[in-house]
Amino acid sequence: PEHPARRGADLLLMEQEQLSLRVRCEEGAPLPALLHGFSAPVRLQTDYSALELQQLSILETDPFLRWDVVQQLFARAHAQLMQDKHEAVEGLLITLQRIASAPLDDRLLTACLLRFPDTAWLVDQYPVLDVDAFMRASETLRLRIAQALCGPLSVWAQQSPERPDQAGHRALANVALGYLAALNSPATLTLARRRSESVNMSISL
């Protein structure tokens, strides 16, 4: 829609503390996806519902935005586990199962979408942190993901592509094995030990 702050086809320049944009939509409320292509170096806070995040994680075409949405789902699930709640965990598992059931041609992006968030980033989500509860929530979430995605993870973990053009496949194999290690099965531990001894540093854990 036309707007005084509009710059080009899909850019709004926000120069004040507030900016309102009204969108006319004939079928239901629109689901906005903001900051495409790193259009602004900001940390965006939104009030997306869990269902809206799940929809964006599947429908979004911008790789970074899609990854960021999945990170938000991870953060919400982790925060609920800190309080011994599980509703957000189920939403995350459904999203990850959808990604795993239809992996992208870009295996590196698939690996990034499925990878457990960096610990430092997760810690930064909490103004006050109970370290023991944080670690328990992380371990529980890893285990739940390993159980929910055991099928595709087992297939990917067995792969050890070594060609230079298979970096994405190697990343996906390592992500898969990292989750499966939470199951503590003898076969997985043996595979992890072999992977750690690989001379290819991008394959070794």
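User: Is Thr 188 buried or exposed?
Analyst: In this predicted model, local features need pLDDT of at least 70, side-chain atom pairs count only at pLDDT 80 or more, and totals for chains, interfaces and linings use all residues. Residues are numbered from 1 along each chain as its sequence is written, and side-chain values use heavy atoms, with hydrogens and water left out. Buried means under 20% relative accessible area, exposed over 50% and partly exposed in between, with a 1.4 Å probe and protein chains only. The relative accessible area of Thr 188 is 10%, so Thr 188 is buried.

User: Which residues are in contact with Thr 188, leaving aside its neighbours within four places in sequence?
Analyst: Thr 188 has its place in helix 9, residues 186–196; helices (H or I, at least four residues) and strands (E, at least two) are DSSP runs numbered from the N terminus. Contact means heavy atoms within 4.5 Å. With those neighbours set aside, the residues in contact with Thr 188 are Leu 177, Leu 180 and Ala 181.

User: What is the relative accessible area of Leu 177?
Analyst: Leu 177 lies in helix 8. Its C-alpha atom is separated by 9.9 Å from that of Gln 159, 18 residues apart along the chain. Leu 177 is buried, because its relative accessible area is 1%.

User: How many helices are there in the chain?
Analyst: Read along the sequence, the pattern is α-α-α-α-α-α-α-α-α. The chain has 0 strands, and the number of helices is 9.

User: How far apart are the end C-alpha atoms of helix 2?
Analyst: The expected span of a helix is 1.5 Å times one less than its number of residues. Helix 2 (residues 63–82) has 20 residues and should therefore span 28 Å. The computed separation agrees with this, the end C-alpha atoms being apart by 29 Å.

User: Which helices do the buried residues of helix 2 pack against?
Analyst: The buried residues of helix 2 include Leu 65, Val 69, Leu 73, Phe 74 and Leu 81. The buried residues of this helix pack against helix 1 (50–59), helix 3 (87–101), helix 4 (107–114), helix 5 (119–123), helix 6 (131–148) and helix 8 (167–180).

User: Which residue has a side-chain oxygen that reaches the backbone nitrogen of Phe 64?
Analyst: The site is at the start of helix 2. There the backbone nitrogen of Phe 64 has within 3.1 Å a side-chain oxygen of Asp 62.

Methods
A polar contact is a pair of N or O atoms within 3.5 Å; within protein, one must be able to donate a hydrogen and the other to accept it, and residues adjacent in sequence count only if both atoms are side-chain atoms.
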